[in-house]
Amino acid sequence: MKVDVLLGLQWGDEGKGKVVDVLTPNYSAVARFQGGPNAGHTLEFEGQKYVLRSIPSGIFQGGKINVIGNGVVLDPLLFKEEAEALAASGHDITKQLYISKKAHLILPTHRILDRAYEAAKGSGKIGTTGKGIGPAYTDKVSRNGVRVGDLLRDFDTIYAAAKARHEAILKSLNFEYDITELEAKWFEALDYLKQFKLIDSEHFVNGLLKSGQNVLAEGAQGTMLDIDFGSYPFVTSSNTICAGCCTGLGVAPRNIGEVFGIFKAYCTRVGSGPFPTELFDETGDKIGQLGHEFGAVTGRKRRCGWIDLVALKYAVMLNGVTQLIMMKSDVLDTFETIKACVAYKIGGEEVTEFPYSIDGEVEPIYVELPGWKTDMTKMKSEDEFPEEFNAYLSFLEEELQVPIKIVSVGPDRQQTIIRYTEE
């Protein structure tokens, strides 16, 4: 069997959680392969709304196996809050969830370092969520990290050494802090974490495949936030692209099957960094209001703009996308005209390939398409799609050269239409 990969193609917030929830019945297991609790996946069903930060989005579906892979950085305190909230709503995840021993822990001092580094950058700050993700990945790469598996070793000694190293850095930055309360709660959460199954996830996942079970790998953030290929330095600290699944779960490239690429019918971005199609007018505000564009974890308002096909083609190429999934189509239901960026003008030259940098003056070149002016939220099949919406889908498929197999017309899991168009 193969591992199918589901990931975002834009700057995150594409709606991955909902789609994982919809697709999970087709799989034996769902596994997160990178990222940390800065990535909130929102799911809505049966009148309830859930936000998952570290736990895979397949947790609600019929006792399926869920794995937090080695590529994830895990904060025990935020994990405990998330798991207890699920338990309070009737979802006991202790039997379904497996955690990789090789996943790195976010320590209390990582959170403080995150704030200290951002403060030191001044006006050049990245706009992190302050959850400690960057410092945790920094320790991982510099071979100073603390892993989940260390809980089974001399953890107190390992933790003390890491804390002392961090405190020396904070002292050099002259950053004032009080760790007492945070650290006490963190250690309580650490005891809570120990009740879950701690596994060698690379053997576990490959064992599932060998026994004929299929796995859905769930990515966090989005392609344009990838540490290597995103809009550096305004990126996250991990590989968000399909290749990150191989390193984040220990899966060989030959075992990758379908690659589901998720994108919004428009585009959003949270925090700092370049955004060529960003709208600063009433249209941008309207998209934000209709799309409820506020971060699931941070609550921060998302910047909004028209769809960017230069960046989207780049993301499709990097990930080897085999199927596209378009989210939030209904947000554009009331617009007379829909725009799509098909090229950039940089230094007077028209560019259709995503460049090394988009930090400078980038003018988006748009094509305009007629809006569908139809409420799509009650639609149940593609037979109900208005002609103008079908034209928008055909335009995108022609540009991206990949079929759009699923269309979302609302936040609920029932508002998901699977298309049966022939390739």
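Modeller: Start with Gln 401, which is exposed, with a relative accessible area of 61%. Buried means under 20% relative accessible area, exposed over 50%, and partly exposed in between, with a 1.4 Å probe and protein chains only. Before we go on, note that this is a predicted model: local features need pLDDT of at least 70, side-chain atom pairs count only at pLDDT 80 or more, and totals for chains, interfaces and linings use all residues. Residues are numbered from 1 along each chain as its sequence is written, and side-chain values use heavy atoms, with hydrogens and water left out.

Biologist: Where is Gln 401 placed in the chain?

Modeller: Gln 401 sits in the loop between α11 (387-400) and β19 (404-408). Helices (H or I, at least four residues) and strands (E, at least two) are DSSP runs, numbered from the N terminus.

Biologist: How do I read backbone angles?

Modeller: Most residues other than glycine have a negative phi, and most peptide bonds are trans. Gln 401 has a positive phi, near 60°. Asp 13 has a positive phi too, near 65°. Asp 13 lies in the loop between β1 (3-8) and α1 (16-23). Its relative accessibility is 27%, so Asp 13 counts as partly exposed.

Biologist: Which peptide bond is cis, with omega near 5°?

Modeller: The bond from Tyr 232 to Pro 233. Pro 233 belongs to the loop between β10 (215-218) and α8 (243-249).

Biologist: Now α8. Is Leu 249 buried or exposed?

Modeller: Leu 249, a residue of helix α8, is buried, with a relative accessible area of 0%. Leave out residues up to four places away in sequence, and Leu 249 touches Ala 31, Arg 32, Phe 33, Gly 69, Asn 70, Ser 201, Glu 202 and Ala 217. Sequence distance and space can also be set side by side. Leu 249 and Lys 102 are 147 residues apart along the chain, with their C-alpha atoms separated by 9.9 Å.

Biologist: How many aromatic pairs does a search of the whole structure find?

Modeller: The search finds 16. Rings of Phe, Tyr and Trp (its six-membered ring) pair if their centres lie within 6.5 Å; planes under 30 degrees apart count as stacked, over 60 as edge-to-face and the rest as tilted. Take Tyr 344 and Phe 354: their ring centres are 6.4 Å apart and their planes at 65°, so the pair is edge-to-face. Tyr 344 is in strand β16 (residues 337-346), and Phe 354 is in the loop between β17 (349-351) and β18 (363-370), ten residues apart. Both Tyr 344 and Phe 354 are buried.

Biologist: Which residues do ring pairs link into a cluster?

Modeller: Phe 155, Tyr 159, Trp 186 and Phe 187.

Biologist: And the whole chain? How many helices and strands are there?

Modeller: Eleven helices and 20 strands. The radius of gyration is 21 Å, close to the 22 Å that the globule rule gives for 423 residues, so the chain is as compact as a globular protein of that length. That radius is taken over C-alpha atoms; the rule is 2.2 Å times the number of residues to the power 0.38. Along its principal axes, the C-alpha trace spans about 65 × 50 × 40 Å. Buried residues make up 58% of the 423. Among contacts between residues at least 6 apart in sequence, 77% join residues at least 24 apart.

Terms used
Contact = heavy atoms within 4.5 Å.
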